[in-house]
Amino acid sequence: MTSIVALAGGVGGSRFARGLRSAAGAAELSVIVNTGDDVTVHGLRISPDVDTVLYALSGVVDEKRGWGPRGDTFRCMEALERLGGETWFRLGDLDLATHLRRTELLAQGETPTQVTAELARRLGIHDVRIRPMTDSPVETWVELRDEQGWVHFQEYFVHRRTEVAIRGVQVRGLAEASAAPGVLEALAAADAILLCPSNPFVSIGPILSVPGVRDAIDTARRRGVCVAAVSPLIGGATIKGPAARMLSELGYTASAAGVLEVYAGLVDVYLIDPVDRGLSAEIERHGARPVVADALMRGRRGEARLARVLLKAAL
Ligand code: FO1
């Protein structure tokens, strides 16, 4: 039984994970999801990257936004606004059910891994293992360049709409965290390890920084497992999200090759879009084999196509 492990975060990651599910056929697919975006709002524990994978794989995600259930309403937010509550972090009425259920299961002593498995089961996802990277509480914070101090990732990403420059990223609690049950085992048993087209700093980076994950990947590579990644940048820009600007602000080149600098020698096969074909030599210098293919995921067929290309290159 072929076993595929994908590291994912954010909207691009959830879409590629959906493509992998279609392309994986009979292979076993585990998706290790970033939890650095997790946040507590109105007393509810919210795990955005896990939820966007849950919603994408169960077919309910709002395709335009990329997060939250399609057709959601925001009546509770309107009522909360009238009562003076903070509503910049938009929680839809259907989405609230997920946050309420997660919060009550956690309060009953379930772990994020157990909660995620229960939510996946309830949403009818049986063919993919969705694994939070850790069950320990971690939160990504970013240091603002022009103001003193650090803010939570969601303050940067949503409240400030990433319109401020940053000069640092840290995942608080990660040094003390341990990989969630099954994560290191999945990596050790993997026949291919895939990095989704997600933000290298705040989506893939936190997963790689979970104690033991990088070692588990290195061990797998020593026994011949291929680490394959899809560039989250096409022509130096993202489809969605601040990765290109973060690369520049954090001192890297805002290009598909710059992303490999962040991954520092981890990647064996790297899928880039034809517009980035000129970067092939630089990519080889980073020790990766470039695979040139249309990197844009147009709808579900596009997601499955891209996943098939990467799987073929990796296996
Ligand atoms: N993203 C936004 O741009 N604005 C929001 O108000 C917002 C609310 C939100 C609520 C729940 C959830 O699971 C995700 C939400 N997101 C929102 C997206 C979220 O900030 C990002 O998807 C991840 O944190 C980074 O990819």
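The legends below describe views of a predicted model.

Residue numbers start at 1 along each chain as its sequence is written. Local features need pLDDT of at least 70, side-chain atom pairs count only at pLDDT 80 or more, and totals for chains, interfaces and linings use all residues, while side-chain values use heavy atoms, with hydrogens and water left out.

**View 1. Overall fold of the chain.** The chain has 13 helices and 12 strands (DSSP runs numbered from the N terminus; helices are H or I with at least four residues, strands are E with at least two). Its radius of gyration is 19 Å, close to the 20 Å of the globule rule for 315 residues, so the chain is as compact as a globular protein of that length (taken over C-alpha atoms; the rule is 2.2 Å times the number of residues to the power 0.38). The C-alpha trace spans about 60 × 45 × 40 Å along its principal axes. Of the 315 residues, 56% are buried (buried is under 20% relative accessible area, exposed over 50%, partly exposed in between; 1.4 Å probe, protein chains only).

**View 2. The largest nonpolar core.** This core holds 54 residues (a nonpolar core is a set of buried Ala, Val, Leu, Ile, Met, Phe, Trp, Tyr and Cys residues joined through side-chain atoms within 4.5 Å). Leu7, Leu187, Ile193, Leu195, Ile217, Val267 and Tyr270 touch the most other members. Helix α11 (residues 256-263) supplies the largest share of this core, six residues. A second, separate core of 40 residues includes Ala8, Leu54, Ile234 and Ala313.

**View 3. Surroundings of leucine 195.** Neighbours within four places in sequence are left aside here. Leucine 195 is in contact with Leu7, Ile204, Val227, Ala228, Ala229, Val230, Tyr263, Leu266 and Val267 (contact means heavy atoms within 4.5 Å).

View 4. In helix α2 (residues 48-57), 10 of the 10 residues are buried, so the helix is largely enclosed by the rest of the structure. Among the buried residues are Pro48, Asp49, Asp51 and Tyr55. Leu54, also buried in α2, is included in the second core.

**View 5. The loop at alanine 175.** Alanine 175 sits in the loop between β8 (166-172) and α7 (183-189). This alanine is exposed, with a relative accessible area of 67%. Alanine 175 and serine 209 are 34 residues apart along the chain, and their C-alpha atoms are separated by 8.2 Å.
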